[in-house]
Amino acid sequence: MTTTPTSTPAAPEREAGGGARLLGSLLRLREVPVTLALIVLVVVTYLANPLFLGAQGVKDLLLNATIVIILAVGQALVIITRNVDLSVGSILGLVAFSTGTLFATFPGIPIIVVFLAGMALGALLGAVNGLLVTVAKVPALVITLGTLYIYRGLNNAWAGGKQYFAGDRPDAFGSLSVDTVLGFPLITLIAIVVVVVVAVYMVGTRPGRDLYAIGSDPAAAELFGIPVSRRVFLAFLTNGVLAGLAGVLYASRFNSVGATTGSGLELDVVAAAVVGGVAIFGGSGSVVGAAIGAVLLTTITSALTALRVDKFWQQAIVGALILAAIIIDRIAGLRTAKKLRVSEARDV
Amino acid sequence: MSNTVTTTPALDTSKTLAAEPRGRTGAARLLLGRDAVMIYALLAFVLYGMIAIPRFASPVTVGFLLLDVIPVLLIALPMTLIIITGEIDLSVASIAGLTSALMGVLWAAGLDIGTVLAISLLAGVAAGAFNGFLVAVVGLPSLAVTIGTLALFRGLALVVIGDNAVANFPPELTAFFTSKLGGTGIPTVMIGVVLVALFFGVLLHFTPFGRGLYALGFSKEAATFVGIKVARAKFWLYVGSGSVSALAGIYWTLRYSSARSDNASGLELTVIAAVLLGGVSIFGGKGSIPGVIAGVLLIGTINFALRLGRVSDVVLIIVTGTLLIASVVAPSVFEAIKRWQHNRRLRRSLPQVPASGETNATAPGVQERK
Amino acid sequence: MEFISNRARKGRGARRVSVLAAAATAFALVATGCATGSTGDSTDGAAADGDLSITFIPKQLNNPYTDVVLGGGKDGAKQAGFASTQVVGPLEASASSQVSFINAETQAGTNVIVIAANDPDAVGPALQEARDAGAKIVAFDSDTNPKYRDVFISQVVAKDVALIQTKLISEQIGGKGEIAILSATANATNQNEWIKFMEEELASNPDYKDIKLVAKVYGDDDDTKSFQEAQGLLQAYPNLKGIISPTTVGIAATARYLSTSDYKGKVMLTGLGLPNEMRPFVKDGTVTAFALWDPAQLGYVAAYAGKALVDGDITGKEGDTFTAGDMGERTVGKDGIVIVGPPTTFDKNNIDEYDF
């Protein structure tokens, strides 16, 4: 789908012409394993239970993946800069609850306004993360672990035992996750647009490519004249906006939003990105890979149920997949490094 | 970023900017370092609680409080060593959960309790060795590996025991795990916990292996250069982490006399928060066991005080998050202010030096911190 | 760690300042927290009987069903004459999370602890300690192991709850076909008891001989998980005719899935639900009828039972009677169980008459 400008720490000459082509073709490999796994999974499940790819089955698969896709795209941006954002589940929860509140307090509020408000709130929360990380120079893991607690606490304090149900929201809003165009539910189309836009931005623009440079070697990126802090802040901000969007869509799809909405989601999201080939130490991977990773993980859940496999295996399989993804990543990295050495030697 | 501290030697700024001698050792370090401050903070809070919080000053507090913090306290010990080497282990709570599930199934299958405990502990050792193999031998990033095993081990716990719970452990044993040492209110199991703490404390602070871990956290290359077997050291740390997590899992199961797959879930975050609050640097190379113990106890005490005051857990969550961020952001902010003041002083005292050489060197760093 | 770019080395002074700052924050937060806590929740009712205190520990806070139960409990406690009523509890319904709350109440010398147990055994030792210290234990909603409490206030006769649900599903699917159960957590004492009675009834009652229970799944009282479990059920069992969900979270999540899918109107759903939550699904035809008791009454009776225990009017043995305010006289049954009332069936004709 897209070529990814990527580099590994072992490859400082990322702009080199001949090497880049070779690198590009190799790195596309990183999305290949996860895509293959997804295809195999879907085919095997379909053969065992044809209902899996029935109209309703496909729709369910897409709907299940939608929210995690959006979150994984945002997370990929952050991870590529060698950071991580653990607070996304809490951001999603806060935004989902505020969406419920908006509809309940202002009946007849235009849906688009709710979307914008949700994304603005997400942006604000993401900006807090970004500021703390870039200004205080403290690792994102610690900061976002802190904001994970704080945002969740705020959500609990605000919501208390209050929950808003699907019945409190306009039918048009709920039907965003019911109505389909060409077999795709509307909210899934939103997710696809997000993936395409962010993917194009990452490949086609300078700031997008800067994120890879920062993740590969922050010190070098700074020396290179890249405004590191600003770019990292941008990544967190974007991730916040996307988590906000996901929060609004959550309210559209599910019945109730309350104090605990979205808790524990951060692990799934990081896992989706990692399984999709985004290296956890930054600098490589793509948002498309992350999105496919999200589809794979959510499909596994459905497939296990459709195959009537003991659902207790599900989490263990997810764990094994994450490990497999890291190992594949390492092998790919080693091979790239070797090829590079060979090509460099030839150039000399 | 280490390149920010660049000064021109001619300006004689080294006195203010260069690091103080870091080499305080032994008692001096223990009494004057950051850990000491953590301990003073703990003591101050306990004192505050005894004066200001009704019913706080009682041996019952000691018992309940310690029973609550023991799992975190146990796991925090090996976690300290791991974070000091610049790695992390997110799978600890899942290992505890897996141990608990295994205990339940084996006990329900009618095995002798001694055998059950031994097998469960071995499972923890194996889980730790698995992590250690992937991190130390294969050389994969520990964050990614342990996120994977976090899901994997919890998943295996579910596979082992499923939705069931096993509760009928021998009453003498479960009673022992909540029993107290005479009238002191101190739980009997604390003896074991103190032994484990002593083991890790001595290992870290009084052996060449421990000092090597600090070197490892500062620079892997340097550590290799001075003869530390990096891979072997890391491997054994993860084995230690797995074993202690298994102990925590056993404790959890017997204290609540309930073996379930979701036992101790989410505990890894509490442990890491406590370790960081206890003064261990997430970058590695810095931290100590006494500081971490004080950190764990401080969070535990605040927690307990809030419960006694019947304050909702909502406040607790926010307090934990804020403490965590404050403990890591405050030094950076302080550093930034100091640097800014220093630069201002520099500019004032040396007006004849044009902005070219000196400010170019420090300006980017300062700008970033604004 | 390798993935962190910000490798700032700090001086000792800075670290020390940070601890002080952190400690100061802690003090401030705790101080303000305690201040709000002591004024916030306590309902200083007419202190008729000196200063008796009662504390409710639900399965988890911030759950709509729990809020209704606790609302009734607070009313009951006030009317029964407790000077102080508290509600404490964990934010997530895990087995061991209630223990430290029980400990704190023991230390506070609370007279009556009313608890809905997440795990019948995990809370046991802590409750025993509380009893040793003189507290009376009332279990409600979900029982503990009977040896750890004085009485258990049950919504309804467990068997009645089970029977009404099997009856409703049988009517809705026309007496034959495959059905499944979507429950709360796998360890939930109350749900498991109902499920056991449902299974027995389906096996023994000849009216139900054509109904086949094909699966039991657990949504853990989590909206998202219940939603996905419902979805999985329908995919795995294409011939499924009906779902019973004996938990308010599960039935609402399942209803939401059905109403947004092709299965709407084809697969029947019943169980236990809150009328306010289920109203749209009853109106749009996803759900024909479901059942529940009045949750507020549960808390109300629990408070009065606590008062009777403290006063020594009852001890929890079979045959004891006490007066539960407006609810009239209640009798302690076998195993110290007090029954609150019969379940109500809700459908589109009567649902608008209820507001909880």
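Q: What does buried mean, and what share of the 348 residues of chain A count as buried?
A: Buried means under 20% relative accessible area, with a 1.4 Å probe and protein chains only. The model is a predicted one. Chain A has 348 residues, and the share that counts as buried is 60%.

Q: How many helices and how many strands does chain A have?
A: Chain A is assigned both kinds of element. The strands number two. The helices number 14.

Q: What percentage of the accessible surface of chain A belongs to carbon and sulfur atoms?
A: The accessible surface of chain A comes to about 12,700 Å². Carbon and sulfur atoms hold 70%.

Q: What percentage of the contacts in chain A with a separation of 6 or more comes from residues 24 or more positions apart?
A: The count takes contacts in chain A with a separation of 6 or more. Within that set, residues 24 or more positions apart account for 79%.

Q: How many residues of helix α9 of chain A are buried, and which are they?
A: Helix α9 of chain A spans residues 206-216 and is mostly covered. Of its 11 residues, eight are buried. They are A:Gly208, A:Asp210, A:Leu211, A:Tyr212, A:Ala213, A:Ile214, A:Gly215 and A:Ser216.

Q: Which helices are included in what covers the buried residues of α9(A)?
A: The cover includes elements of chain A itself. Among them are α3 (55-80), α8 (186-204), α10 (218-223) and α11 (228-253).

Q: Which residue's side-chain oxygen reaches the backbone nitrogen of A:Gly208 at the start of α9(A)?
A: The backbone nitrogen of A:Gly208 has a side-chain oxygen within 3.2 Å. A:Gly208 is also one of the buried residues of α9(A). The oxygen belongs to A:Thr205.

Q: Is A:Tyr149 buried or exposed?
A: A:Tyr149 lies in helix α6 of chain A, residues 140-159. Its relative accessible area is 14%. The cut-off for buried is under 20%. A:Tyr149 is therefore buried.

Q: Which residues is A:Tyr149 in contact with, leaving aside neighbours within four places in sequence?
A: The contacts listed for A:Tyr149 belong to chain B. They are B:Leu269, B:Thr270, B:Ile317, B:Thr320 and B:Gly321.

Q: How many Å apart in space are A:Tyr149 and A:Ser90, C-alpha to C-alpha?
A: In sequence, A:Tyr149 and A:Ser90 are 59 residues apart. In space, C-alpha to C-alpha, the distance is 7.9 Å.

Q: How many helices and strands does chain C have, and what share of its residues is buried?
A: Chain C has 10 helices and 14 strands. Its residues number 356. The buried share is 63%.

Q: What area is buried between chain C and chain A?
A: The contact takes 36 residues from chain C and 43 residues from chain A. Carbon and sulfur atoms give 53% of the buried area. The total is about 3,400 Å².

Q: Which element gives the most to the side of chain C that touches chain A?
A: Elements giving two or more residues to this side are α2 (64-80), α7 (223-236), α8 (248-259) and α9 (275-283) of chain C. The top contribution is 11 residues. It comes from α7(C).

Q: Why does C:Ser53 count as buried?
A: C:Ser53 sits in strand β1 of chain C, residues 53-57. Beyond four places in sequence, it touches C:Phe82, C:Ser84, C:Gly109, C:Thr110, C:Asn111 and C:Val112. C:Ser53 counts as buried because its relative accessible area is 12%.

Conventions: Residues numbered from 1 in each chain as written. Chains lettered and ligands numbered in written order. Predicted model: local features only at pLDDT ≥ 70, side-chain atom pairs only at ≥ 80, totals over all residues. Heavy atoms only, no water. Helix = DSSP H or I, 4+ residues; strand = E, 2+ residues; numbered from the N terminus. Buried < 20%, exposed > 50% of the residue type's maximum accessible area, 1.4 Å probe, protein only. Contact = heavy atoms within 4.5 Å. Buried area = accessible area lost by both parts, 1.4 Å probe. Areas by Shrake-Rupley, 256 points an atom, 1.4 Å probe, with all protein chains shown as cover. Polar contact = N/O pair within 3.5 Å; in protein donor to acceptor, adjacent residues only side chain to side chain.
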